[in-house]
Amino acid sequence: PANCKMKRKRQKTKTNAENTKKRAKETDEPSADLEIHRNDLWRAFYQHAKERLAPFELDEMSLEDDDFIRGNAADGIVTYLKSALGNWSSVCGKLESAETGSPFLLVACASAQRAVNLIRELAPLQGQTKIAKLFAKHFKIEAQVSYLAEHKCHIAVGTPHRLFQLIQKDGLKTSRLKYFILDWNWQDQKQRTIEKIPELMRDLTDLLSSHILPLVKRNQVQIGLY
C-alpha cells in the first residue's frame, strides 16, 4: 500500500484537471522525474500517516496520475506556474469575484525565509495577483486570521504548520482552492528537502490528510511538486 497508485485513465467531467493535463504534454519536465517525485511524496506521507490513519483511509487517499499538475521548474516558480496552468489572467480571475481569505492557490514551503524568497520570485505576478504571507516568524496567528478575514488574495504562501493552523481556525478557507504547490525540491543548508526533515514532514502530513487530499479526491484540487 505504500506505493503510489497511478491510474493512467480516469473518467472525469471537464474540469481544471483535464485542462492542465493537456498542457502537461507541452512542458519540458520529464514525466519520469515527476513520477519519482510523486512516489517520494506518497512514500514519505505514508510513513508519517500510517500510525494515525487506518489502512482503508490511506487507500482512499492514494494519489493518481491526474491528481498532479506538471510544469517547467527550470526557470523559477513563475515559469513553473505559467507553464503548468496556462494564461495567468484567466487562471486567477478577477480579484473582485474572490472571497476574503480564500485563495485559489496555496504554496507550502519549509521555512519563513524560504516563503519570503518565493514571494519575491512571484513579484512579476503581483500586478494582477494578491499574495498573502502566512508563516509564523514575526506574525502572530491572530493577526493573520484578522488579515484574512478582511483581505482577498489569489495566492497564499506559508509553512505547513501555519497553513494547517489557519485552516483549522477558519481564517484560511479552501472553498475556492484549486492548486496546492509543494516546494518539494528545495534544499536547506544541510541539503535536506522537506521529506528529509521529520518535523516538517509531520506538519505536512497533517495538512495533507486533514485538508488537502480530501479536496484532491473530490477533484477540486491538484497538487504541484515544484
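**Reading the salt bridges**

Modeller: R114 counts as buried, at 12% relative accessibility; buried means under 20% relative accessible area, exposed over 50% and partly exposed in between (1.4 Å probe, protein chains only). This is a predicted model, in which local features need pLDDT of at least 70, side-chain atom pairs count only at pLDDT 80 or more, and totals for chains, interfaces and linings use all residues. Residues are numbered from 1 along each chain as its sequence is written, and side-chain values use heavy atoms, with hydrogens and water left out.

Colleague: Which residue meets R114 in a salt bridge?

Modeller: Side chains of opposite charge can pair when their charged atoms come close. A salt bridge is a side-chain nitrogen of Lys or Arg within 4 Å of a carboxyl oxygen of Asp or Glu. The partner of R114 is E121, at 3.9 Å from N to O. Salt bridges with shared partners join R114, E121 and D183 into one network. E121 is partly exposed, at 31%.

Colleague: How many salt bridges does this rule give?

Modeller: The count is seven. Among them is the pair R43 and D40, at 2.3 Å. These two residues lie three apart in helix α2 (residues 31-49), and so are separated by about one helical turn; helices are DSSP runs of H or I, at least four residues, numbered from the N terminus. R43 is partly exposed at 42%, whereas D40 is buried at 16%.

Colleague: Which salt bridge links distant parts of the chain?

Modeller: K217 and D67 form a salt bridge at 3.2 Å. K217 belongs to helix α9 (residues 198-217) and D67 to the loop between α3 (55-60) and α4 (77-85), 150 residues apart. D67 is buried at 1%, and K217 is partly exposed at 25%.
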